Amino acid sequence: MAAVTDRRALLTALAAAPLAAGLGLAAAPASAQAADVPRLGALAAAKGLFYGAALTSAQLQIPPELGRLLLDQADVWVAEWQMKWGPIEYDGPGLRNYKVVDAIADAAAAHGKRLRGHTLLWHTQMPPWAKNGRIAETRAAWDKQVAPFIADYAGRYAGRVFQWDVVNEVIEPDDGLPGALRNSPYYRMTKGSDYIDQAFHLAREAAPDAKLYINDYGLEYPVAWNERRRVALLKLLESLLARGVPVEGVGIQSHLDIAYGFDAAVFGRFLDAIADLGLEITLTELDVREGVDNPNPLAQRYQRAADEVRAYLETALDRPAVKGVLTWGLCDPFSYMRLGLDIADNRGLPFDDAFRPTPMHETLAALFAGASPRST
Ligand code: G3I
């Protein structure tokens with residue numbers, strides 16, 4: 001398979017990809033290699049887990065090899081950015097365009113994939129008319145512009161999204177607010193955490209069958225800033241549950257970083273504390289950041305990333321509360337690490353620049369195959 005070499009040409013092609021109504025998957029060459037690569041989704045499902053990956057609508061078509069892998073490997077699909085408020089209500093308050101989300105949801109249904117919803121509420125990628133302080137930070141703005149979006153969006157995909165990230169990244173200890181909450185426009189609209197309560201109640205009413213999640217990052221390592229976030233999140237969960245807010249799951253983004261040094265005991269205690277609250281867990285955005293200009297030989301870098309994933313998942317998959325794993329993409333050239341963070345050569349996903357499985361893929365396959373069965 002041809003390797004992905006010219007990023008700019010690829011991005012141009014992706015941006016221009018016609019959004020076919022049905023997002024018919026390009027008939028990628030079902031090459032022998034693709035056919036004999038162990039299927040992560042199937043291996044996970046055999047143990048009552050699920051495995052999925054983030055995608056964009058274009059990636060289901062271009063390049064065809066990626067569409068093939070998304071079909072073969074992932075049983076759950078999550079939109080990397082197209083199911084956020086910004087792209088949907090882009091044109092103006094109340095002017096919601098669900099065309100792309102409908103296409104992704106239709107493609108998922110057509111191919112027997114479960115769709116994970118990311119995300120109903122996030123302070124990043126807000127619509128142009130709302131971001132950078134353009135939306136009034138008042139309760140009226142919440143009641144008239146934000147809450148109606150959540151209700152409409154969650155309701156439109158009721159029965160079609162099996163897990164929703166109702167709120168994403170609401171913790172920020174460095175902002176110095178009560179409860180270590182992020183100083184977001186939503187916090188300021190409701191003058192505290194009430195927006196979180198409201199978002200969950202709106203989602204519950206609109207989408208009774210979806211599992212309702214809170215999703216966050218910086219929870220994985222034995223470093224001080226992660227510990228502050230773990231403590232804050234557990235306290236928030238306890239207070240939400242005490243108020244009867246229908247939180248059912250915690251998304252741990254799992255953007256691993258080989259610079260930190262994973263500690264199984266620390267992370268295991270955190271998982272157990274979440275489970276003790278009666279909540280389920282999904283590892284929602286797994287990838288490995290290996291540092292800018294990593295000087296090591298490629299084979300060593302791939303193995304190091306795989307080893308980090310092994311240590312992390314051996315701890316996580318030991319917990320019945322952990323229901324599934326999604327990687328934040330499948331192939332390195334399409335990783336946000338390369339496209340968004342400019343870590344130009346990051347190798348932190350299960351497939352490489354030539355769409356070949358990396359040692360991480362082998363590790364994921366072995367871990368799923370060796371996982372203890374659990375009830376779905
Ligand atoms: O907006 C343009 C669109 O007009 C254009 O057609 C398209 C062509 O590819 O690009 C769009 O640009 C950017 C898009 O990524 C595609 O690259 C968006 O401006 C940019 O905001 C978007 O960034 C995404 C980011 O979240 C913000 O939504 C990243 O892809 C995505 O990987 C990243 O994912 C986040 C999770 O949601 C939350 N956890 C952290 C994670 C990484 O930052």
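Leaving aside its neighbours within four places in sequence, which residues is arginine 230 in contact with? The views below take up this and other local features of a predicted model, in which local features need pLDDT of at least 70 and side-chain atom pairs count only at pLDDT 80 or more, while totals for chains, interfaces and linings use all residues. Residues are numbered from 1 along each chain as its sequence is written, and side-chain values use heavy atoms, with hydrogens and water left out.

View 1. Arginine 230 is found in H10, residues 224-242, where helices (H or I, at least four residues) and strands (E, at least two) are DSSP runs numbered from the N terminus. Beyond the neighbours within four places in sequence, arginine 230 is in contact with Leu219, Glu220, Tyr221, Pro222, Val223, Val266 and Phe270, contact meaning heavy atoms within 4.5 Å. A polar atom of the arginine 230 side chain lies 3.1 Å from the backbone oxygen of leucine 219. Arginine 230 counts as buried because its relative accessibility is 3%; buried means under 20% relative accessible area, exposed over 50%, and partly exposed in between (1.4 Å probe, protein chains only).

View 2. Valine 245 lies in the loop between H10 and strand E6 (249-252), and with a relative accessibility of 3% valine 245 counts as buried. Not counting residues up to four places away in sequence, valine 245 touches Asp197, Phe200, His201 and Leu240. The C-alpha atoms of valine 245 and arginine 204 are separated by 9.4 Å, although the two residues are 41 residues apart along the chain.

**View 3. Crossing of helices H12 and H14.** The axes of H12 (residues 298-316) and H14 (residues 359-370) come within 8 Å and cross at roughly 25°, the axes being lines fitted to C-alpha atoms, for helices over the stretch in contact, with angles running from 0 to 180 degrees between N-to-C directions. H12 is therefore roughly parallel to H14, since angles under 35 degrees count as roughly parallel, over 145 as roughly antiparallel, 65 to 115 as roughly perpendicular and the rest as oblique. On the H12 side the contact is made by Tyr302, Gln303, Ala305, Ala306, Val309, Arg310, Leu313 and Glu314, and on the H14 side by Pro359, Met360, Thr363, Leu364 and Leu367.

View 4. Helix H4 (residues 64-73) is mostly covered, with seven of its ten residues buried, namely Glu65, Leu66, Gly67, Leu69, Leu70, Asp72 and Gln73. Proline 63 has its place in the loop between strand E1 (50-55) and H4, and a cis peptide bond with omega of about -10° joins isoleucine 62 and proline 63.

**View 5. Backbone features in two further loops.** Most residues other than glycine have a negative phi, and most peptide bonds are trans. A cis peptide bond with omega of about 10° joins histidine 118 and threonine 119, and threonine 119 lies in the loop between strand E3 (114-118) and helix H7 (139-156). Asparagine 132, also found in the loop between E3 and H7, has a positive phi near 55° and is exposed, with a relative accessible area of 64%. Alanine 180, in the loop between strand E4 (161-168) and helix H8 (185-190), has a positive phi near 55°, and at 15% relative accessibility alanine 180 counts as buried.

Methods:
A polar contact is a pair of N or O atoms within 3.5 Å; within protein, one must be able to donate a hydrogen and the other to accept it, and residues adjacent in sequence count only if both atoms are side-chain atoms.
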